[in-house]
Amino acid sequence: MQRTLQVELDPELLLLALTHRSFAYENGGIPTNERLEFLGDSILGQAVTVKLYRDHPDLDEGELAKRRASLVSSVALAEVGRAIGLGAHIRLGRGERLTGGAAKASILADTVEAIIGATYLDLGGEAATALVLRLIEPLMADPDRFGAAMDPKTSLQEAAARLGTSAPTYTVVESGPDHNKHFVATVAVGDLVSAAGEGSSKKQAEMAAALEAWTVLNATR
């Protein structure tokens, strides 16, 4: 994991960053990665904001805000987590493992933020910012993918129109208690593709499913 991230973190701090609350609960209430996630979220937002401001002097505040929201979204961060194989390293409780927690967008996104927070604590702001920029660079370097991550539902609808097939249709299933809802969305684009996504809200789940379907369509066309 350290080699993939290109950072040398204190092993105990890295282990903490990879510890989901489900694992902590099943192991005597040990510390979780949630405080690191809180810190990492702030570092991520700042790094992305400064990068966009410097690289795009032609964009107004509204467009900069849209791009930032895209790059720090759970959908985008989950994609980053999948790209670096993060799911295999996250410490999950048995229940989460059995329900595919290692592939859940919300868990992947939160763990990416926790790792950013751990990097800040261990190596400082410069190293944490460099890590953020390495992680999001693939999205920023690919205009099509950047646009899809910014608004995956619209991008998928446009792709369906270009291919002359029916508009995407979504189904959503929710589970869990009111204070901790979990949503799984499935999207179908005619008979071309069917993809699923999950999240802590209906919107997040649909966006994750749409981005997955868009990715499949672009890989096969």
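**Pockets and salt bridges in the predicted model**

The largest share of the lining of the largest pocket, three residues, comes from α8. The structure is a predicted model, in which local features need pLDDT of at least 70, side-chain atom pairs count only at pLDDT 80 or more, and totals for chains, interfaces and linings use all residues. Residues are numbered from 1 along each chain as its sequence is written, and side-chain values use heavy atoms, with hydrogens and water left out.

Pockets were located on a 1 Å grid over the protein atoms alone. A pocket is an open set of points where a 1.4 Å probe fits, with protein on both sides within 12 Å along at least five of seven lines. Lining residues have an atom within 4 Å of a point. Grid points are joined across faces, edges and corners, and a volume is the space filled by probe spheres set on the points. Helices are DSSP runs (H or I, at least four residues), numbered from the N terminus.

The largest pocket holds about 440 Å³ of space. Two or more residues of its lining come from each of α3 (21-26), α7 (94-98) and α8 (105-123). The lining comprises 18 residues. Nearest the centre lie His-20, Arg-21, Glu-96, Lys-104 and Asn-180. By class, the lining has two nonpolar, eleven polar and five charged residues. Here Ala, Val, Leu, Ile, Met, Phe, Trp, Tyr, Cys and Pro count as nonpolar, Asp, Glu, Lys and Arg as charged, and the others, Gly among them, as polar.

The second largest pocket holds about 200 Å³ of space. It is lined by 13 residues, and Ala-83, Ile-84, Arg-134, Leu-135 and Pro-138 are the closest to its centre. The elements that give two or more residues to this lining are α1 (2-5), α6 (74-83) and α9 (125-141). Helix α9 provides the largest share, five residues. The lining of the second largest pocket divides into eight nonpolar, two polar and three charged residues.

Side chains of opposite charge can pair when their charged atoms come close. A search of the whole structure finds eight salt bridges, each defined as a side-chain nitrogen of Lys or Arg within 4 Å of a carboxyl oxygen of Asp or Glu. One of them joins Arg-21 and Glu-34 (3.2 Å, N to O). This pair links distant parts of the chain, with Arg-21 in helix α3 and Glu-34 in helix α4 (residues 34-55), 13 residues apart. Accessibility was classed by relative accessible area (buried, under 20%; exposed, over 50%; partly exposed, in between; 1.4 Å probe, protein chains only). Arg-21 is partly exposed at 40%. Glu-34 is partly exposed at 34%. Arg-21 is also among the residues nearest the centre of the largest pocket.

A further salt bridge joins Lys-153 and Glu-206 (2.7 Å, N to O). Lys-153 lies in helix α11 (residues 152-162) and Glu-206 in helix α12 (residues 202-220), so the pair ties together parts that are 53 residues apart in sequence. Lys-153 is partly exposed, with a relative accessible area of 30%. Glu-206 is buried, at 10%.

Glu-63 is partly exposed, with a relative accessible area of 22%. Lys-66 is partly exposed at 48%. Glu-63, Lys-66 and Arg-67 are linked in a network of salt bridges.
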